Amino acid sequence: MDSMFEDDISILTQDALGPDEDWLDSPNTDLSGEMCSASHFALITAYDDIKNRLTGLERENSTLKRRLKMYEVKYPLIGEFGEEHIFSLYEAKETSLLKSEKASLQQQLNQFQHELQKSKEREEQLEEMIQAYEKLCVEKADLETELGEMVGAGGNLGTLVSPSPPHG
């Protein structure tokens, strides 16, 4: 690739001109030599920069071509249909797959939310049942205490049922 550019630089140097030849558009003043060499240097620098950029772009292009070949081997449809058709084909397949996956995930989410709601309802019912059981246990303990007091009092059962009027 460098061989393509090697001879081109000679057209930009004064050395390429013969000893009798002169730059065609150069004026005959003392400053023209300095100005000419400065613009000549800028031109050579720009040419080298362009040449280096072109070389880099050609390397990048060859790398991209190799990648394309690898993709053609990996996905043989690229070589058969061309780029526009295959990308639209893949986009359509990918879009339909994404839509079906989204619908499936949405359905699962709805199912999980429904199960979560049922679970919360069951948890609330269980808490209510536990509270009712605890309340019954407290009432049972109170009744057992009252019964123990009644049994302990023995014959005073009548006084508990009908209390005597207060003295006063």
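The legends below describe an overview and several close-up views of one predicted protein model.

In this predicted model, local features need pLDDT of at least 70 and side-chain atom pairs count only at pLDDT 80 or more, while totals for chains, interfaces and linings use all residues. Residues are numbered from 1 along each chain as its sequence is written, and side-chain values use heavy atoms, with hydrogens and water left out.

View 1. From the N terminus on, the elements run α-α-α-α-α; helices (H or I, at least four residues) and strands (E, at least two) are DSSP runs, numbered from the N terminus. Of the 168 residues in the protein, 5% are buried, where buried means under 20% relative accessible area, exposed over 50%, and partly exposed in between (1.4 Å probe, protein chains only). The protein exposes about 15,100 Å², of which carbon and sulfur atoms supply 58%; accessible areas come from the Shrake-Rupley method with a 1.4 Å probe, and for residues only the protein chains shown count as cover.

**View 2. The salt bridge between aspartate 49 and arginine 53.** The structure holds 2 salt bridges, a salt bridge being a side-chain nitrogen of Lys or Arg within 4 Å of a carboxyl oxygen of Asp or Glu. Side chains of opposite charge can pair when their charged atoms come close. In this view the N to O distance is 3.3 Å, and the two residues, 4 residues apart in helix α2 (residues 30–74), are separated by about one helical turn. Aspartate 49 is partly exposed, at 35% relative accessible area, whereas arginine 53 is exposed, at 58%.

**View 3. The salt bridge between lysine 140 and glutamate 144.** The closest N and O atoms of this pair are 3.9 Å apart, and both residues lie in helix α4, 4 residues apart, which is about one turn of the helix. Lysine 140 is exposed, with a relative accessible area of 52%, while glutamate 144 counts as partly exposed at 47%.

**View 4. A nonpolar surface patch formed by Leu147, Met150 and Val151.** Together these residues have about 290 Å² of accessible area. Patches are made of residues with over 30% relative accessible area and no salt bridge, like charges being joined within 9 Å and nonpolar side chains (Val, Leu, Ile, Met, Phe, Trp, Tyr) within 5 Å. Methionine 150 is placed in helix α4 (residues 83–153) and is partly exposed, with a relative accessible area of 35%.
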